Amino acid sequence: MKKFLLIALLLGVMAIFATPMEANAQSNARTGRYMGFSGGISEGRRLPGTTETIIMEQGARRPNNRNAITLEYREVIFLSGRPELFEGILEIRAGAPDPNSQAGTFTIEHRVRPHAGADASETSINRTMIFTVSYRRVGSQILKTYEVNPATWRETISTAAGDTFTLDHARSSFVTAIIEDQTPGVSYYRGNVSARMFFTGSANGTTIVEQVGTINGFTSAWSATETHRMDFAITNDNWALTYQIRPSVTVNKVLQFESNEPFAISFEGNFMELHQSFAGLRYDIFIRPQFMWDEPLFGSHSLETFNVFEQLFAPDLSFMRGHPAEDDIHRLFAMEILTGEPQFFIPEQGITRGQFMTALARAIKLPVQEVTQPRGRTAIEPVVLFNDVNSDRPEFRYIQAIVDAGVAEGREGGSFHFDYLISRQEAITTIIRALGLTNIGLNPTVVTPFVDSNDIASWAMRDISVANTLGLISPDINGNLHPNRAISNAEAATLLNHLIDYLREGIVRDYADHIVNTVV
Amino acid sequence: MMKKKFLTQAVSLALATIMLLPASVAVAQDELIHIDPVSNTYTGRPQAAQLITQLQFTDLPAGEGFREAIIRGGALEVIHPEAAQFRPNAPVSREEAIAFALRAAGRSDEARALGEAMADDLQGLPLNRVWNFGYMQLAQQIGMITADQFTSAQTVATTQPIDNDDEEAPVPPIAPVFDSTVSATRQEIASWLVGAFESVEDDIFDVPATAGVSLQSFTDWGTISPIHASAVETVLRHNIMNGQTPTNFAPNSTVPRQEMAQIISHLDGFHFELMGLERAMGAVIDTSNEQFIQTGASYAWRHIHVRRADGSVDHLQFTLPGTASPQGVPLDAVVFRNGEVVGLTALQTGDQIEYLVHPETGTVWYVRVTGTTSTANFRGRLQIINIENGTMTFTDNTNTAITFPMIEGMYGIGADGQPFIRFTNILRPASSLPRGTYYDVTLVGNLITDITFVGDPVVTPEIRGIVIDNNAMLGSLTILDENRQERSFNYIPGALMVQRREFFDMRDTIGGIHEMFPGNFNPRETSINAIIPGDLVVFRVDSEDPTRITAISSAENIIQRYGRILEFRDQGGFFDMLMEFENGQTAWFSVPNQVLVMDRGRPVNPNQIQMGDWARIIVNQAVLAPGVMMETVREISLDSGGHHISSIVMGRVAGFHHAQNLIQIEHAQELTPAGWSNHSPLASFNISGPNVRYYHDGRAVSLAHVQRYLQRSGATVYLAMENHHAGERAVVVSIRSGRDELIRAGTVLGASANEFHLLEIPGAIQTDAGTIVVRNGRLVEQNHISAPDWARVALNGHNTAAVVNIEPAPATSGVQIIRGRIDRVEPNQSFRVTAMSIFDGLRWNFAPIGREFAIDHDTLFIGENGVTNMTDFIGWGENSVIGDVFNVVVDGSRAVRVIDAPFTNPTPDLPPPAQGHLTVRGTIYAINGSTVHLRDMHVFNGRTAQWNIVSNTNATGTVTVQPNTIIVDRNQVVGTNGLQVGQQILALSSDNRLGVTLEPGITADVYILLVES
C-alpha cells in the first residue's frame, strides 16, 4: 500500500507542475470563448509569446481567468430582415475545467454591448449570457455541455430602422455540447449548437429565431482557430428568412526575419515572432423576405486586428552559411526548439532519437516535468522510464513527456535507443502522433503511394500515409521515401519546421478558410 | 611522478579487467526492470574478496546441499576456512562446535576480543591450539560449558606436548578432563547451539515449531543426557537437527564437518534474526557496467538488477576501486553458482538467485544461484486484478484459478487515483481490461511481466483488407490483407450480400448484419459493382470454399483536398479538371457529370465551374500498389467567394509596414466600370496571405526584393485583392516601370499564349507572368484569355497588359419584358393577359394574342411603393387587377416580376409632333440613393430615332429610380444598388418627350433602365 501512496503522491506532484498554461491549448480548448455562439467574431486573444511562456514555466502566476477580458466584437443581425452589422464590445469572464478533476462545472459569462458613446440610432446589441458548463473527461477527451440559465439571459437588439427586439428569456432555450480531444500537440474540438429564441417588440409580432450549427476548432502552441457554421431561421407574422453564417477567429504566431542595417553588429539579423489574428465572417442567405429582393444574397465582414511581436534569439550559424537548411536550423534555434551551442548541430550528421524527440517535444510545447520546482522546493525524484535514458541527461524529461503522451515508445529490452540515429519512418511517425492525426489514415494501411512502400514498417505505414496526405512529406524525384534511412540534423530541422508551419498555417486553412468559404 | 603513473596504470588495468567481463542484455520479457523504481540497493562487502579466495576448497563433498551449506557458512563467516581443504568428513571437535555456535549466534566479535585479551598469557603456544580460547571463555561465561570444563580444556591445550599436537590423532579424553579438541557429540552440539542462541535472545526458540519430531520418538531417547535433553528437544522440534536414523538420535555420535555446516544452515532463520540479515529471492534480469575515471581514484561498477519474487526491483552492486591503496579492495559478495564460489560479477542474466542482505548496512553477503529463471507463457481467462496485492488471477481451461504476482511496473495508482495496468506498453485503467476473456500472459520466474489480449474464440471468421481490384463480370475480388499479402477471392454476384458505406452516409445504421435481420431495410445494401479499388472491405467466406465470398461490407476511403481549378474542360458526359492544391502540387481529374457539384449549398450543373474557382473536393483514394495511386472525385464544393478577386488596385508603391503585413500604396485607385476610381492619397493593403506572388516587370521576385529595391522606386503597382473572410488581402503584387494606360473595354478577337487582340485596338497586347488576369472575379492564368471575352485592360509600357479584367459583356437582351393587360388571375398560380407588347430596346412590339404566365413563390409583385404581397394580386373586389396593365419580366412562361408601372414608350404611337416618352442615355457619374446623376446625357427623339445631346457644355441630368423600375445589367434584373459609377445607361420614363427642353439638369422618373456598358 505504501507503494501506491508513493506513486500517487509522485504522479500527483507531477500533475501539478506539469499543468500546462493556456498556451498549451492541449489542455483547454477555447470553445466559444472569444466568439460566443451567436455568429459573431472578436479579435481573439493572442497566444503566449516565447518570453511569456518561459516566465510562466519558471513559476509566474497564471493569468486569472476570472478577470474580465474585453474584446472588439462584430455580429451581423437579421432581425429586420436585412443584414445589419453590429460593432461593439464582447466582455468575457471565463472559468476553466479543473485539470485535476474528472468531472465538474464552471461558468463562462459573455456580455455584448455597444461601444461607449455609440450612436443610439445604430444597430446595437445588449446581451448577457451566463453559461454553466458541465464537463467530464473520458480518456483523452473532454465532453462539455453549455447551458444558459434563462433567468440571467438578457438580450435587447435595436435595428437601424429603430425597432427594438427584446428576448423573451423565459421562453427561449439554448444548448451547446462540445467534444474535445486532447492530443499531444493539438487539442481538437467540435460542438453542436441549438437555440430557439423569442423576440418581442416588432410590428410583425413575435420573432422566432431558430439556430442550429456546428463549431469546429483546434488549439495548439502555434495557432488556434475556431469556426462556426450556424444556420438561422427567422420567422414572424409576415416573413421568413434563413441564412447560414460562418464566423471564424484565428490567432497564430509566425516568424519574420529582420536583417541588420549596420554592418558592424555582433549578430546576423534575427527572427521576430509575430502574433497575428484573423477574424471574419461570411454569410449566405437562402430564403429572404421579398422586400429584400435586391439585396445581395451573401456578404462578409472582418475585424481589423493589430499584430504584436517580440524578438527571438539570434544564434551564430555563420559556420553553415549557404547551407540549404540554414534557415530551418536558424528558425529552430530562434524558437529555442534547438538549444545549446549551434556549432554542435552539424547539419550533415545524423540526429539521434533522443535529440529528435527532445526537439519535437519543444516544437509542440509538450508540458514537461520541471527539474526544480518553483519557489525553491525540493526537486522531484524523476521516474526512470528506460534503461538507456539517464535521468541526469537534460533531455530526460522531454523523453518522459514524449512517452507519456504516446508520441514514441521504447524498444525491446526496456530501452529507448536514446542515442541511436532516428530513421525517417520513426521521425515521421512521431510527428503524426504528435498531431494526433493517426486516426485519419486507413486502418489497416497496407500500402502507400511511395514506390518503396514495401520497405515501410507495418507500424509506420498508417502514419506515413497520413503525413503524405497532409503534405508534410513528399517522395523524392523517383517516388521513394527511404523509410529506413537515418535522417540528418538538417533534414530533421526541415521536417520539424514543416510540422510547425503546418500548425501555424496549414491546419488553420482547414479549420478557417475551407469551412468559411463553403456552404454546406 | 613514478608513483602516480603506476597508480594510473593499475587503475586502468583493473578497469580493463572488469570491462572484459560479459555484461549481458536484459531479459526481453521483463522490459520494465529499469522503469520500475529500485526498492533497495545493496553493495558488496570488502571482506568478500578474501572469503571468495579462501572458500575455494578442494575437497568439497559431492552433495549440493552440503557444498552450499559449507559455502554459505563461510560467506556468513560462521565457518572460517582454515586451509585449502574443508575436511568434510572429519568430525567436528568440541571447540569447533562451540565456535560455530557462537559465530552463528553473532558473538564472534566478543569471542575474538576475549581471545585477544588472553593473548599475552598464551605466548609460546601455537595458534592452532589456542585459537579457540576466546570462544571457550565466552562459552563458559554464558553457560554453554562449565567453569571446570573451560579450565580443563585450557589445561589440556596448554600442557600437552607441542610435538604431539596432531589433529589426525587427538588425545582421548580423560574424565573428567574436558578436552576441547575431541569430537563433539550430537547432544553436545544441540546443547551448545541452543545455549549460544539463547544467550543472545532468551526466548528465541519459543516460537512455535512447525515441523520436527520429539526426542521421545527415538528408540535411544533414554541415552540422552538429562543435561542436553531440553536442547535436543528444541533442535528436533525446529528441524535444526534430526535423528541419525529415523529411529535413533545417536546422542553420543560425532558429527562430520559437512553435516555440521548443514545443521548451521538449518539455523538460518534464527541466525538471520540475530545478525540482522534478510533473505530474498529473485531473478537477475539485467547486468550493466559503469565506470568513473580520474587519476588516482577510479571506480568500476557492475550493476545487477534483480526482479524480486514480490515483483519489486533490487539492485546489487559490485564495486572495484581502482586505487592501489590498502583500502582499495573490491566490494563483492560470495556467490555460489554452479558449484563454484565466485563473486557478483559472475552473475548472469537469467540466474534465479537466493541472496542474503544486511539492510542496515545496505550490503549483500551471499548469493546463491538456484537455477535459471524460467520464462513461460500462459493463456487464461482474466478474472481478478488485485492492485493492492499486485496480483492477477486467471482461470485455465480446467477452470482452475491461478494467481500470479505482477512485476511492479505492471500496475499502480494513477494521478487520477484510479488503478492502472500497463497494457501494450500504455497505462490503461485496470477497469478497462475485459474480464472473463483470454489473455496471453508472459511469466518470468512466475511473475507477470506482460499480458496480451487474446479475446474469445472466433465464431464467424472475417477477412479484412483493401480492395485493389474488383471484377464483377468474372466474380473476382483482390485485396491486400492486413499482412500486406495480395489475396484473391471469388463470388457469385447474385448470391452475395453487399453493403457499402458512402462517405456521406450517416453512421447510425442499426441491424447492419443482414442475416440477423434479413427483413430490415438497410440503406447501405447495394450490388458488388459498387465496391471499387481503395475500399476497405470486411467479408465472410463460405465455410466449405474459403475462397468464395458470401457477404461483404465496405467503406470507401476518402480524403479531402482544397485548391484552385486551373483548367476545366467539358468533354461531354464528363469533364477534365486541373487542380492546383494549396501546397502548389497539381493534378488532373476526369470527373463524370454525375458527380455532384455544389455551389452555395446547392447542386449545380458541372458547367457552372469556372476556371479560377476554388473548390473543396472529396476524393476516393486507392493505392493499388506501391507508387500506383488512383483518385476518384466524389464531390466538388465550389468556394463561395473567399478567393474571388474583390478588387484590382493600382497606385505607386509607398512602403511596407512589415510587422502588420501591409503594403502602402500612394494614389491608390480601384478598377471600376468608370476606370481607375476611388482615389486615395495613401492606402494600406494586407499582404499576409500565405502565397502572395510578387512580380517586377513580369518577372517573379521575392517580397525581400520588392522591399529592398522597389518600395521607393515610384513604380506603378497593381494589386489583385482577394475576398478573404478576415478582410481583403493581396494575392498578386505586380510592379511595373511603365506608364499606366487604361484602354476602353472591348471584345477579345483572338489570343495566343502570351498575347491577344482587342476589338478596335490596333496591334497585339502582350501578357506576361505579372499580368493580373481576372475572369468573372476569379484569378486565372494569362493563357486563359480567349475570344470572344469582353475585357477591360490596363496597359503598362508598350502594349503590355498589366491588368486584364474579363467580365460578361454588357447586354440586356437576355431579359424579356412584356407589358400586358390582365385578363384572368388564378391566385398564387397564374394569370393571363389578353394581349401584350414585348419590349425590344427602344420600342414595344405588339402581339395580339393572349398568354398565360405562371406565378410561384419567387415571383415578385412590385407596386409604386415597392414589393407588394402576392395575395393582393387578385381578380375580384375593389382591388381587382383585371383590366389593369403591368410590366412583366418573364422567363419563358413564368412571371419573374409583375410590376405596376407607367408605360414607357420611346417610340411615338401617335402622329407628329409626338416624340414618345422621355428616354435618356448617359454615363453615371454619381449615385445618391435612388437619384442617378448622368453625364454625356442624350435624349432620344422617337420621331427621328436620333439622340440629341442635352448640352454641349454641360450635358448632365438626373434620373430617379423608382421602386417599380426594372433595372437590367448584363442580362440580369438588379436593384438600385447594382448600379455603379461609370456605367452607361439607357433609361425610359413615362414623361412626354415633347414637354422637355434640352438643357442641363433634365430630370426624369424612370421605369426601365438598361445598363449598356
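How do the axes of helix 4 and helix 8 of chain A cross, and within what distance do they come? The close-ups below take up this and other views of a predicted model.

**View 1. Helix 4 and helix 8 of chain A, side by side.** Let us start with the opening question. The axes of helix 4 (residues 353-363) and helix 8 (residues 489-511) of chain A come within 11 Å, and they cross at roughly 20°. Angles under 35 degrees count as roughly parallel, and the two helices are therefore roughly parallel to each other. The crossing of helix 4 past helix 8 in chain A is right-handed.

**View 2. The residues where helix 4 and helix 8 of chain A meet.** From helix 4 of chain A, look for A:Phe356, A:Ala359, A:Leu360 and A:Ala363. Their counterparts in helix 8 of chain A are A:Ala492, A:Leu495, A:Leu496, A:Leu499 and A:Ile500. Sorted by class, this contact has nine nonpolar residues, with no polar and no charged ones.

**View 3. An open sheet of seven strands in chain B, with the order 26-25-24-29-30-27-28.** For a parallel pair, find strand 27 (residues 596-599) and strand 30 (residues 628-638) of chain B, which are joined by four bridges. Here B:Asp599 lies opposite B:Leu638 of strand 30.

**View 4. Strand 36 of chain B, covered on both faces.** Is strand 36 (residues 716-722) of chain B mostly covered or mostly open? Mostly covered: seven of its seven residues are buried. One side carries B:Thr716, B:Tyr718, B:Ala720 and B:Glu722, the other B:Val717, B:Leu719 and B:Met721, and all of these are buried.

**View 5. The partners of strand 36 in chain B are strand 31 and strand 37.** Strand 31 (residues 645-657) runs antiparallel to strand 36 of chain B, with seven bridges joining them. In this pair, B:Ser647 faces B:Met721 of strand 36. Strand 37 (residues 729-736) of chain B is also antiparallel to strand 36, again through seven bridges. B:Thr716 has B:Arg736 in strand 37 as its bridge partner. Strands 36 and 37 of chain B form a hairpin with six residues between them, and B:Gly727 in the turn has a positive phi of about 115°.

**View 6. Another open sheet of seven strands in chain B, with the order 19-18-17-22-23-20-21.** This sheet has mixed pairing. Its edge strands are strand 19 (486-490) and strand 21 (525-526) of chain B, and each pairs on one side only. Strand 21 pairs with strand 20 (residues 497-501) of chain B in the antiparallel sense, over two bridges. To find your place in strand 21 of chain B, look for B:Thr526, which stands opposite B:Val498.

Methods: Residues are numbered from 1 along each chain as its sequence is written. Chains are lettered from A and ligands numbered from 1 in the order in which they are written. This is a predicted model: local features need pLDDT of at least 70, side-chain atom pairs count only at pLDDT 80 or more; totals for chains, interfaces and linings use all residues. Side-chain values use heavy atoms; hydrogens and water are left out. Axes are lines fitted to C-alpha atoms, for helices over the stretch in contact, and angles run from 0 to 180 degrees between N-to-C directions. Angles under 35 degrees count as roughly parallel, over 145 as roughly antiparallel, 65 to 115 as roughly perpendicular and the rest as oblique. A crossing is left-handed if the near helix is turned anticlockwise from the far one by less than a right angle, and right-handed if clockwise. Contact means heavy atoms within 4.5 Å. Ala, Val, Leu, Ile, Met, Phe, Trp, Tyr, Cys and Pro count as nonpolar, Asp, Glu, Lys and Arg as charged, and the others, Gly among them, as polar. Two strands pair if DSSP finds at least two bridges between them. Buried means under 20% relative accessible area, exposed over 50%, partly exposed in between (1.4 Å probe, protein chains only).
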